[in-house]
Amino acid sequence: MAVNRDEFFREVTLRICSSLDIGVAVNRAFNYLREHFPLDEIYLDIYDSKLGAIRRIVHFAKSGGEAAEEILPLTELVWKWGSSLAGPLIMDAETVSGPAKAIAELVKLEENTDLVLPLRVEQELIGVLILRAYGERRYEQEHAELLSVVADPFALALANALSYREAIHYRDILLDDNRFLKMELLSQAGDEIIGGNSGLRNVMEMVRQVAPLNNTVLLMGETGTGKEVIANAIHFASSRKDGPFIKVNCGAIPEGLIDSELFGHEKGAFTGALTEKRGRFERASGGTIFLDEIGELPPQAQVRLLRVLQNREIERVGGDRPIPVDIRVIAATHRNLDSMVSENRFREDLWFRLNVFPIIVPPLRQRKEDVPALTRYFVELKSQELGVAIPPAIAPGALERLVNYGWPGNVRELENLVERELIRHRGGQLRFDSLLPSDGDSKAQPDAEGKADGPLNLDEAMSSHIGKVLRITNGKIHGPGGAAELLGINPNTLRGRMGKLGIMYRRKK
Ligand SMILES: Nc1ncnc2c1ncn2[C@@H]1O[C@H](COP(=O)(O)OP(=O)(O)OP(=O)(O)O)[C@@H](O)[C@H]1O
Ligand SMILES: [Mg+2]
């Protein structure tokens with residue numbers, strides 16, 4: 001057998017490294033090996049310690065055809081014997097003995113000869129390469145020696161293929177999760193905006209206006225009004241809808257972690273930074289970042305955020321180069337940022353940056369017309385979640401009471417109320433009476449002249465007054481007898497102010 005070992009090594013290595021698909025690579029090597037060995041079939045087996053078994057991942061025969069992956073279980077004794085296999089081993093029916101006999105049976109050696117090459121990476125056996133020639137005593141010691149020249153390239157190729165398969169496997173799982181979660185979000189936010197045609201009509205109009213653009217949006221409104229729902233709607237109505245939607249609750253991250261959470265860090269940037277980490281801004285690239293409770297952002301982070309908004313690039317903690325990010329920013333707050341600015345608790349320059357397109361999500365008490373639809377929606381949704389087969393009916397008069405309640409906790413309060421009612425419900429209709437604060441209490445809610453906890457602020461007073469006038473004019477703004485005339489201002493000014501205050505109106509036919 002006159003063969004140059006260096007050339008042999010090179011030729012086999014080239015082939016075994018020629019494809020990420022280990023099957024393709026082995027097949028190429030097989031065709032070359034046949035020039036130097038008696039060779040009818042080739043196998044590549046993984047010694048899988050998680051299974052305590054051999055997994056046969058590649059099998060080609062000279063006659064063509066490729067077999068499916070097979071699992072060959074081993075006894076403990078045979079497993080141990082196999083793990084300690086040092087060099088290449090020639091097996092044929094005449095010479096096998098001891099534990100090798102069990103293997104010979106398992107791999108159906110029969111009247112053939114196998115040349116088994118253990119594949120090790122850093123001492124550990126990860127698999128074996130098996131050459132098979134039909135007939136007995138087909139391999140000599142020379143064959144074994146020549147084959148052992150390429151043990152390392154085969155071992156590395158196998159190890160790489162395994163890592164690659166694992167990575168692909170996890171990638172597929174992640175992609176699948178991602179698809180699933182996106183669908184979840186879609187079903188939560190895409191279609192189900194209750195009141196989109198009534199109480200939230202103006203808001204949805206603005207959503208449609210702003211969604212296709214790339215500008216920063218600021219959502220304002222009391223707690224539980226649906227700011228997050230609207231943020232979702234903007235993202236899913238935008239061209240970024242297939243990109244990520246990353247939510248950050250600025251109030252929930254401990255101050256010391258905010259920078260690394262938002263901007264990421266390099267490996268070793270601080271004690272405990274064992275690996276590099278992408279921040280939420282980087283993760284949001286190509287999509288939307290939703291900065292919830294923006295009013296809770298500490299001053300340090302406000303400066304950093306301002307820089308991101310100005311330059312559209314971030315710097316990781318401990319990093320020394322800016323990383324460009326392609327993001328759309330939506331911020332939300334239930335606080336009055338305006339007064340936070342005058343109290344120096346929120347940076348004015350950041351406020352200007354955020355306030356380019358404010359959307360005010362009106363409180364539920366200013367869109368009572370949505371209460372019935374929301375109630376029905378939550379009864380169905382929560383019944384489903386709680387496993388109530390048939391959503392119970394709502395008792396006569398109950399809706400009326402819900403509509404007249406003041407809802408300081410807004411839509412979330414209604415949602416929770418429905419859930420509690422369903423949990424306590426013992427058959428019959430839903431009455432909501434024991435849960436709803438009594439009439440006396442609800443009169444004290446802010447829709448009246450004053451708030452439970454003090455006088456109305458100017459905006460609230462204005463909004464309540466405009467609301468009253470609109471009721472008098474049946475929603476008419478423009479022209480003789482319209483609200484603008486009664487209030488003595490220009491109709492466009494009135495519309496603008498109503499937009500700002502989040503006042504809904506609909507002309508009654
Ligand atoms: N128009 C709506 N249609 C359907 N569900 C809604 C609507 N508005 C709000 N919800 C539901 O009400 C709950 C509160 O909404 P969301 O979390 O968006 O409020 P928020 O304004 O972000 O409140 P907070 O300021 O407390 O964070 C959520 O469960 C949301 O799904
Ligand atoms: Mg929220």
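This is a predicted model: local features need pLDDT of at least 70, side-chain atom pairs count only at pLDDT 80 or more; totals for chains, interfaces and linings use all residues.
Figure 1. A polar contact here is a pair of N or O atoms within 3.5 Å. The backbone takes part as well: a polar backbone atom of threonine 225 is 3.3 Å from an oxygen atom of ligand 1, and a nitrogen atom of ligand 1 has a backbone N or O atom of isoleucine 194 at 3.0 Å. The protein buries 86% of the 630 Å² that ligand 1 exposes when taken alone (accessible areas by the Shrake-Rupley method with a 1.4 Å probe). Residues are numbered from 1 along each chain as its sequence is written, while chains are lettered from A and ligands numbered from 1 in the order in which they are written. Local features need pLDDT of at least 70 and side-chain atom pairs count only at pLDDT 80 or more, whereas totals for chains, interfaces and linings use all residues; side-chain values use heavy atoms, with hydrogens and water left out.

**Figure 2. The shell around ligand 1.** Ligand 1 is surrounded by 19 residues, the closest being Thr223, Gly224, Lys227, Arg412 and Glu415 (a residue is near if one of its heavy atoms lies within 4 Å). At least two residues of this shell come from each of helix H8 (227–236), helix H14 (371–386) and helix H16 (410–424); helices are DSSP runs of H or I with at least four residues, and strands are runs of E with at least two. By class, the shell holds eight nonpolar, four polar and seven charged residues. Ala, Val, Leu, Ile, Met, Phe, Trp, Tyr, Cys and Pro count as nonpolar, Asp, Glu, Lys and Arg as charged, and the others, Gly among them, as polar.

**Figure 3. The second largest pocket.** Ligand 1 takes the space of the second largest pocket (more than half of its atoms lie within 2 Å of the grid points). On a 1 Å grid over the protein atoms alone, a pocket is an open set of points with protein on both sides within 12 Å along at least five of seven lines, and lining residues have an atom within 4 Å of a point. The pocket holds about 830 Å³ of space, a volume being the space filled by probe spheres set on the points. Among its 31 lining residues, Gly226, Glu228, Val229, Arg412 and Glu415 lie nearest the centre. H14 provides the largest share of the lining, six residues.

Key:
A polar contact is a pair of N or O atoms within 3.5 Å; within protein, one must be able to donate a hydrogen and the other to accept it, and residues adjacent in sequence count only if both atoms are side-chain atoms. On a 1 Å grid over the protein atoms alone, a cavity is a set of points where a 1.4 Å probe fits but cannot get out, and a pocket is an open set with protein on both sides within 12 Å along at least five of seven lines; lining residues have an atom within 4 Å of a point.
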